[in-house]
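The sequence and structure come first.

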2 protein chains.
Amino acid sequence: MPESPIRKLVPFAENAKKRGTKVYHLNIGQPDIKTPQIALDAVKNNTIETLSYARSEGSEEYRTKLTNYYANHNINVTTDNIIVTTGGSEALLFTIGSITDSGDEIIIPEPFYANYNGFSTASGVTVVPVISKIEDNFALPKIEDFEKLITKNTKAILICNPGNPTGYMYSKEEIQKLKEIVLKHDLFLIADEVYREFAYDGLKHTSVLSIDGLQDNAIVIDSVSKRYSMCGARIGCIVSKNEAFITTAIKFAQARLSPPTYALIASEAALDTPQSYFDDVKAEYVERRDTLVSELQKIEGVKVANPKGAFYCVAELPVNDTDDFAKWMLETFNYNNETVMVAPASGFYSTEGEGKNQIRMAYVLKKEDLIKSVEILKNALAAYKA
Amino acid sequence: MPESPIRKLVPFAENAKKRGTKVYHLNIGQPDIKTPQIALDAVKNNTIETLSYARSEGSEEYRTKLTNYYANHNINVTTDNIIVTTGGSEALLFTIGSITDSGDEIIIPEPFYANYNGFSTASGVTVVPVISKIEDNFALPKIEDFEKLITKNTKAILICNPGNPTGYMYSKEEIQKLKEIVLKHDLFLIADEVYREFAYDGLKHTSVLSIDGLQDNAIVIDSVSKRYSMCGARIGCIVSKNEAFITTAIKFAQARLSPPTYALIASEAALDTPQSYFDDVKAEYVERRDTLVSELQKIEGVKVANPKGAFYCVAELPVNDTDDFAKWMLETFNYNNETVMVAPASGFYSTEGEGKNQIRMAYVLKKEDLIKSVEILKNALAAYKA
């Protein structure tokens with residue numbers, strides 16, 4: 001089990017705090033946005049007397065409401081196509097466990113969400129990376145690059161759309177290209193779509209489940225964590241029209257008995273969140289993104305990808321080793337008693353040596369804090385060089 | 001991933017209910033006991049505005065309170081020895097994932113909690129059963145029986161104490177025997193102690209963590225589910241003084257990010273549950289056990305183990321195939337429009353053909369319902385034969 005690049009610096013951040021240094025957390029996708037009141041209230045007003053197991057795959061009621069949510073996003077599924085999970089993490093774990101045996105391979109465009117590697121390793125599966133480039137804004141690599149990597153052990157291609165850590169949003173055309181290759185080689189196309197709502201600049205998100213002819217191959221990983229700013233709920237789901245896959249995945253769900261009951265109450269209520277909530281949140285993130293990107297661009301030697309979705313941004317820094325630099329910012333550096341925690345990008349690559357001069361920043365803090373964070377980063381870069 | 005013997009009959013039970021038949025659920029350890037008010041109130045009175053990730057291994061505060069709980073149970077550990085998990089299920093999954101590679105083996109006295117098999121399979125690990133017998137009340141098999149099964153791939157012995165499904169409580173002497181063998185062969189001794197408080201007839205529970213000289217080998221799996229009748233919380237923990245093991249297990253915890261936040265609030269508050277709650281619950285379970293066992297013993301041809309802990313009871317029935325019988329009770333049979341759901345014991349054995357005439361019953365219902373359930377079972381047995 002590889003170490004989480006998002007969490008491995010946590011002890012250094014804690015030490016910095018103990019020394020009285022304020023730490024701006026751009027390292028983790030933990031938004032400061034308020035959870036919809038309707039979800040919070042549902043839990044506060046619960047009338048549970050015996051906190052019982054929930055149904056392993058989620059209640060009929062919740063899954064029915066989810067089908068309505070998906071229908072509103074151009075995804076037509078039934079309750080039988082949905083398994084409720086303990087976060088998107090568990091959805092991924094069950095998916096990989098269900099479609100692979102030890103020794104199998106999954107192709108993933110890198111940089112990718114670091115825990116894809118962890119969950120694959122836990123299942124004895126090898127991640128085969130196909131590199132996407134900051135110069136291209138991390139667009140889908142050429143389809144020939146995928147094809148070259150396909151072996152008899154390849155079981156799936158896994159994408160995150162919009163992307164963590166890249167912020168890239170795959171177009172319908174790019175999804176169509178992936179469709180051709182997965183159909184040709186009989187692979188699953190797993191799409192982590194937990195940032196579906198976070199689509200900016202007028203772009204429309206394309207779900208793999210909205211593409212005709214992909215129904216036997218498409219698996220969607222979903223979660224309430226980012227959508228409703230309720231990362232601590234730990235509710236997600238698997239959505240697929242492939243019956244054999246769902247039958248296997250349900251066995252994993254049954255083995256762990258039940259998703260968390262209180263969180264299910266919050267998640268079901270959250271489905272009635274008014275559209276105005278999402279409009280406000282999106283406007284807020286667009287402003288934050290614009291702020292972060294433009295502030296970063298002012299620093300000499302810093303190159304920034306232009307994120308179109310989610311709330312992450314990969315930046316290239318004028319340093320050789322961001323693992324060392326990020327640790328140094330927490331261990332040694334401070335600027336007016338403040339510092340910044342970022343995620344070194346090496347953890348988002350499985351190709352050795354890639355991403356060593358990149359970092360991921362999550363723009364989950366308010367505008368003023370982002371401006372301050374970049375100012376701290378700028379001063380840190382100057383001090384680190386000296 | 002094998003099918004859960006506890007859950008596989010669920011669709012048949014649902015069909016029975018749709019036909020208007022009342023189903024008594026003795027198939028699953030879902031107690032009807034109320035959750036401590038202090039835990040329920042803590043959630044209702046929460047002041048969360050943004051439902052954030054919890055710390056991957058659980059907060060310092062909760063783990064500190066847990067060390068006090070353990071100290072009261074003769075288990076001296078520090079916060080660094082504890083990783084909070086999403087239920088005992090996840091504690092088991094992380095433990096097996098941390099100490100094994102694909103192809104390794106774990107020895108488990110059978111019958112055993114069916115999901116041990118599921119979690120092992122998910123990690124590519126083979127369960128090697130050592131048989132315990134209903135005639136011996138499912139006491140620890142002879143230590144030579146374990147020794148015969150140890151190979152170079154054996155990584156651990158796993159026990160459940162008190163036992164699900166057996167209700168057997170291992171004595172201090174039995175744990176000492178296991179100590180000798182795990183030290184001799186450098187194995188882990190994993191003890192699922194989630195039923196620690198459910199010890200009857202004056203017996204005292206012995207934790208593997210209370211045994212001198214076992215600190216590097218002992219791993220405890222724990223959970224709030226049964227202790228506080230809050231199965232739906234999904235909070236458990238791993239406890240071990242083996243630092244290398246804990247370091248690895250934390251990586252699994254970080255990969256799944258966080259245990260569920262609302263459930264942590266309930267679980268932390270539950271630690272202040274007054275002793276009177278446990279006294280009442282224990283008295284209730286003893287009465288239920290005595291009722292169930294004595295009622296079962298009245299049926300000709302039924303043999304019952306005498307459970308000393310937990311809230312399960314294995315019974316041998318005068319039928320050849322309890323898988324078929326249990327399904328038939330749901331599908332075909334009813335007695336005054338009522339029937340009983342039990343867990344066929346074959347799912348608790350990994351030796352093919354074992355336990356085919358046994359069932360597991362959870363005495364988690366009130367006395368009158370248990371009496372009714374056994375009456376239904378008696379009539380079902382008569383009708384099934386005919």
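## Nonpolar core

In this predicted model, the largest nonpolar core holds 287 residues. Ile157(A), Leu296(A), Ile157(B) and Leu296(B) are the residues with the most contacts inside that core.

Beyond the residues up to four places away in sequence, Leu296(B) touches Val302(B), Val304(B), Cys313(B), Ala315(B), Met361(B), Val374(B) and Leu377(B).

## Interface between chain B and chain A

Contacts between the two chains involve 55 residues of chain B and 55 residues of chain A. About 4600 Å² is buried between chain B and chain A, with carbon and sulfur atoms giving 56% of that area. On the side of chain B, the residues that lose the most area to chain A are Met1(B), Arg7(B) and Tyr53(B), which together make up 16% of what that side buries.

The interface of chain B and chain A has 4 salt bridges. Arg55(A) and Glu14(B) meet through their side chains in a salt bridge, at 3.7 Å from N to O. Between chain B and chain A, 27 residue pairs are in polar contact, both residues being at pLDDT 80 or more. Helices H2 (37-44), H4 (87-99), H5 (115-122), H8 (243-255) and H9 (261-270) of chain B each give two or more residues to the side that touches chain A. H8(B) provides the largest share, 4 residues. By residue type, the side of chain B that touches chain A consists of 25 nonpolar, 18 polar and 12 charged residues.

## Helix H5 of chain B

The buried residues of H5(B) include Asn115(B), Tyr116(B), Gly118(B), Phe119(B) and Ser120(B). Among the elements covering the buried residues of H5(B) are helix H8 (243-255) of chain A and, from chain B, H4 and the strands E3 (105-110), E4 (126-131), E5 (154-160) and E6 (188-192).

Just after H5(B), Gly124(B) has a positive phi of about 75°.

## Val342 of chain B

Val342(B) lies in the loop between strand E11 (338-341) and strand E12 (343-344) of chain B.

Apart from neighbours within four places in sequence, Val342(B) is in contact with Leu9(B), Leu26(B), Asn27(B), Ala326(B), Met329(B), Ile359(B), Arg360(B) and Met361(B). Met361(B) is also touched by Leu296(B). Between Val342(B) and His73(B) the separation is 269 residues in sequence and 33 Å in space, C-alpha to C-alpha.

Key. Residues are numbered from 1 along each chain as its sequence is written. Chains are lettered from A and ligands numbered from 1 in the order in which they are written. This is a predicted model: local features need pLDDT of at least 70, side-chain atom pairs count only at pLDDT 80 or more; totals for chains, interfaces and linings use all residues. Side-chain values use heavy atoms; hydrogens and water are left out. Contact means heavy atoms within 4.5 Å. Buried area is the accessible area (1.4 Å probe) that two parts lose on being put together, summed over both. A polar contact is a pair of N or O atoms within 3.5 Å; within protein, one must be able to donate a hydrogen and the other to accept it, and residues adjacent in sequence count only if both atoms are side-chain atoms. Ala, Val, Leu, Ile, Met, Phe, Trp, Tyr, Cys and Pro count as nonpolar, Asp, Glu, Lys and Arg as charged, and the others, Gly among them, as polar. A nonpolar core is a set of buried Ala, Val, Leu, Ile, Met, Phe, Trp, Tyr and Cys residues joined through side-chain atoms within 4.5 Å. Buried means under 20% relative accessible area, exposed over 50%, partly exposed in between (1.4 Å probe, protein chains only).
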